[in-house]
Amino acid sequence: MASTGETASAAPSTHRELGTWSTVKASVENEIAWVVLNRPEKRNCMSPTLNDEMLEVLDAVALDREARVMVLTGAGEAFSAGMDLKEFFRDTDALSPVEREIKQRSCFEWQGPRLRQFPLPTIAMVNGYCFGGAFHPLGNCDLAVAADDAMFGLSEVNWGIVPGGNVPLAVAHTMSLRDAMYYSITGETFDGRKAAEVGLVNESVPRDRLRARVLEIAEMMKTKNTAIVRGTKETVRHIRGMGWTEAENYINAKFAEALYADAEDGRAQGLKQFLDDKSFRPGLEAYKR
Ligand code: COA
């Protein structure tokens, strides 16, 4: 599979590294944070070290004053080949259950609640192989765009485990039961076009358009009010398992929380720019920030 070019090429002037990690690269460029799983020789499979580092990286992005959108992708041929079968599984077999839990918990933490509750909108840019455990962070990014020829597979069944790490829920939340079941019990691979067709990603594009399309979406998200996007994404994600009454209560609470958290007072600005200044139309664009 061809490389995406997501390598350490000459940095544009606005490019700023967020730190130094052994398995992840993270930088901010024009208000967009690029988080790159960086073990291309191991197809970016996720080891305990990578999982520990991702917790630090997510904090660094969340704390960055410039970043308004985060893109998660992989270096080289893979988005991620899932959990590291050696370092995450075999090497932890001899540990006690508690030792193993401690060694593995950063995985569940960053791929699950930390991504779901991430303060900025997140976009998974699926540039290549995406297997097994990689479906967990994929499902917990807000948006996902794949290369047409990316290769997906729920390969757990092929090597003798039930999918763990909340992969089944990530799959069940995006695909229909029939598709989730088919790909989970057969382990059959599918490409980016199919991933878009079954709802696992928003869309797939030719490989040479992947970065440009993700940039277009990220640029659009930059124009939105971050506090309101956060309240909206949490609402859309969390009401899925609720009944009508719980959802109404949750939505009301999130509605109020987002207005309280919004330092820009976007609601007042939006109303003024539309009703008084007549300088924008909310049906067509975001208010001028
Ligand atoms: N865990 C541990 N090591 C992995 C890995 C994983 N999930 N995925 C790839 N690697 C390692 C390989 O062992 C190999 O290491 P080596 O060079 O030291 O021998 C290296 O990465 C390259 O892998 P290779 O299989 O030679 O690359 P490929 O391009 O021919 O195939 C894949 C790519 C992704 C199809 C193949 O590596 C694979 O099937 N990986 C496992 C995917 C999987 O089932 N993940 C689910 C885990 S829950």
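Domain bounds here come from an automatic or database domain assignment. With that in mind, domain 1 (8-222) and domain 2 (226-276) both give residues to the lining of the largest pocket, so this pocket lies between them. This is a predicted model, where local features need pLDDT of at least 70 and side-chain atom pairs count only at pLDDT 80 or more, while totals for chains, interfaces and linings use all residues. Numbering runs from 1 along each chain as its sequence is written, and side-chain values use heavy atoms, with hydrogens and water left out.

A pocket is an open set of points on a 1 Å grid over the protein atoms alone, where a 1.4 Å probe fits and protein lies on both sides within 12 Å along at least five of seven lines; lining residues have an atom within 4 Å of a point. Volume is the space filled by probe spheres set on the points, which are joined across faces, edges and corners.

| Largest | about 660 Å³ | Gly139, Cys141, Asp142, Thr174 and Arg237 |

Helices (DSSP H or I, at least four residues) and strands (E, at least two) are numbered from the N terminus. In the largest pocket, α4 (135-140), β8 (143-147), α5 (167-174) and α9 (226-238) each supply at least two lining residues, and α9 has the largest share, with six.
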